[in-house]
Amino acid sequence: MRHLSGSSAAHTAAERLERLPVSGYHRLIFIIIAGAFFFDSIDLGMMTFVLGSLKAEFALTTAQAGLLASASFVGMAVGAALSGLLADKFGRKPVFQVSMVIWGVASYLCSTAADAETLTLYRVILGFGMGMEFPVAQALLSEFIPARQRGRYIALMDGFWPLGFITAGLISYYFLSIASWRTVFVVLAIPALFLLVVRRFVPESPRWLEHAGRHDEAERVLAAVESKVQASLGVRELPRPVAVPPVQQSGRRGFASLWSPEHRSSTIMIWGLWFFALLGFYGLTTWLGALLQQAGFAVTKSVLYTVLISLGGIPGFLCAAWLVEKWGRKPTCIAALVGGACGVFLYGQVAANVGSETPLILSGLLMQFFLFGMWAVLYTYTPELYSTGTRATGSGFASAIGRVGSLLGPYLVGVVLPAWGQGGVFTVGAGCFFAAALMVYLLGVETRGKSLEEIAHSHDGAGRPMGVAMGREATEAAR
């Protein structure tokens, strides 16, 4: 039962995908990709809750604990950069699947580590798998969802990160009370079996297949997607394909394509955004549990409080998911970063002078509201700035630069803490978020409501959006 309005074969993958109404099939793809993202996020957030136990068992100094906490980000930086290049060359789906195998095996290996050095090595491998997965998930989902709903769905996918973080805390709270951190890592290896669901239900991106010249495969995937959308909606005809401007690709490929005229300005902006945002975020959140323990809270109580303040991230990402379509990517991103900076500074002042637990939790909820909202915009915005042949590479290297910030953050906290105390640590973190907001304000462009091809098509030879000025003028023009 496949009746299309007009000859669909005469249209590009973008034109056929953009005209599709969002259906139950789109939501199925979203749930599967977001589910894999969720399981990966549990692993990523776990160090926040077990770092105090690891520090005690291996008798680590604060600087050594910071290095251990940073280890996974070394692997993430390499994995993110490599996966982007591989996904643009060999496809989104195979790289996505390989990433899940790597982090599943590495999580189990972490449970077997006999000393801090071995655990550090396994955390690097685990980070490599996680780093591979995140940017490919961004690119894959963004290429399936039509422009009018794309921002909301990608932002909601990122909402699985705070849910994963909270789940990591609940798992830690339970297993640290009856077993040890080793059991936690064994449990976290099990979700890698979700790979089987990805293999069964998630197709390769038709946009990428077409870009790679694999037109027969692209046609088969498109025909299957259209049929499933029709079946999901219960209709006999789909809307006519929409007109999408063709994208003139530069002759550059791989990493060099990020610095082509059409992408240069976006690359500078998004690299600065990812670096400063992740430097601040992971520098602080990786240490949250350990800092509470240092302030005198018991291990399980510090874990419980960290989970409680993380609940603020749920309304945070839901609010961001609404605002990216209602207000736009750029203003929502700036608001989340500035709000996060203010929330971080306030939490730091409260944490440095703990007299009552209520102000600590309330300021923590406010901080996480903005920080997890920031993540929702970050994952929405990044893949939209690049064309199909560069999208995974652009997302991957942006994530890799961010992981350099993630790597430096926990170690920086370990160094700053003895000298400046908790108030100083959170003040430095607030400065990072202000710096990220400034990058977006000066160089950011608006992508709301445009197809991926329209965004790529709208850049002039200087790498800036046509008709859009820098700074304040860019924001006003986007509105």
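Mentor: Let's start with a term: a residue is buried when its relative accessible area is under 20%, exposed when that area is over 50%, and partly exposed in between. Keep in mind that this is a predicted model.

Trainee: Why is Glu226 called buried?

Mentor: Glu226 has a relative accessible area of 1%. The cut-off is under 20%, so Glu226 counts as buried.

Trainee: What makes Arg19 and Glu226 a salt bridge?

Mentor: A salt bridge needs a side-chain nitrogen of Lys or Arg within 4 Å of a carboxyl oxygen of Asp or Glu. For Arg19 and Glu226 the N to O distance is 3.0 Å, so the pair meets that definition. As background, side chains of opposite charge can pair when their charged atoms come close.

Trainee: Where in the chain do Arg19 and Glu226 lie?

Mentor: Arg19 is in the loop between α1 and α2, while Glu226 is in helix α11, 207 residues apart. Arg19 counts as buried because its relative accessibility is 4%.

Trainee: How many salt bridges does the structure hold?

Mentor: The structure holds 12 salt bridges. Another one joins Glu57 and Arg182, with the closest N and O atoms 3.6 Å apart. That pair links helix α2, where Glu57 sits, to helix α8, where Arg182 sits, 125 residues apart.

Trainee: Why are Glu57 and Arg182 called partly exposed?

Mentor: Compare both values with the range between 20% and 50%. Glu57 has a relative accessible area of 44%, so Glu57 is partly exposed. Arg182 is at 24%, so Arg182 counts as partly exposed.

Trainee: What is the N to O distance between Arg329 and Glu384?

Mentor: Their side chains meet in a salt bridge at 2.6 Å. Arg329 lies in helix α16 and Glu384 in helix α17, so the pair ties together parts that are 55 residues apart in sequence. Arg329 is buried because its relative accessible area is 0%, and Glu384 is buried because its value is 0%.

Trainee: Let's turn to the rings. Why is the pair of Phe37 and Tyr379 classed as it is?

Mentor: First some context: the structure holds 27 aromatic pairs. One of them is Phe30 with Tyr153, at 5.3 Å centre to centre and 85 degrees between the planes, which is edge-to-face. Phe30 is in helix α2 and Tyr153 in helix α6, 123 residues apart. Phe30 and Tyr153 are both buried. For Phe37 and Tyr379, the ring centres are 5.4 Å apart and the planes are at 90 degrees, so that pair is edge-to-face. Rings pair if their centres lie within 6.5 Å, and planes over 60 degrees apart count as edge-to-face.

Trainee: How do you know that Phe37 and Tyr379 are buried?

Mentor: Phe37 is at 1% relative accessibility, so Phe37 counts as buried. Tyr379 has a relative accessible area of 2%, so Tyr379 is buried. Both residues belong to one aromatic cluster, which has Phe134, Trp274 and Trp375 among its members.

Trainee: Why does Trp271 count as buried?

Mentor: Trp271 has 17% relative accessibility, so Trp271 counts as buried under the 20% cut-off. Trp271 lies in helix α12. Leaving aside neighbours within four places in sequence, Trp271 is in contact with residues including Phe255, Trp259 and Ile401.

Trainee: What makes Ala59 exposed?

Mentor: The cut-off for exposed is over 50%; Ala59 is at 63% relative accessibility, so Ala59 counts as exposed. Ala59 is found in the loop between α2 and α3, and phi of Ala59 is near 50 degrees, a positive value in a residue other than glycine.

Trainee: How do you know that the span of helix α6 is close to the expected one?

Mentor: Helix α6 has 12 residues and reaches 17 Å from its first C-alpha to its last, close to the 16 Å expected at 1.5 Å a residue. The buried residues of α6 include Tyr153, the partner of Phe30.

Trainee: And what share of the protein counts as buried?

Mentor: Of the 479 residues, 60% count as buried. The protein has 20 helices and two strands.

Conventions. Residues numbered from 1 in each chain as written. Predicted model: local features only at pLDDT ≥ 70, side-chain atom pairs only at ≥ 80, totals over all residues. Heavy atoms only, no water. Helix = DSSP H or I, 4+ residues; strand = E, 2+ residues; numbered from the N terminus. Expected span 1.5 Å × (residues − 1). Buried < 20%, exposed > 50% of the residue type's maximum accessible area, 1.4 Å probe, protein only. Contact = heavy atoms within 4.5 Å. Phe/Tyr/Trp six-rings, centres within 6.5 Å; stacked < 30°, edge-to-face > 60°.
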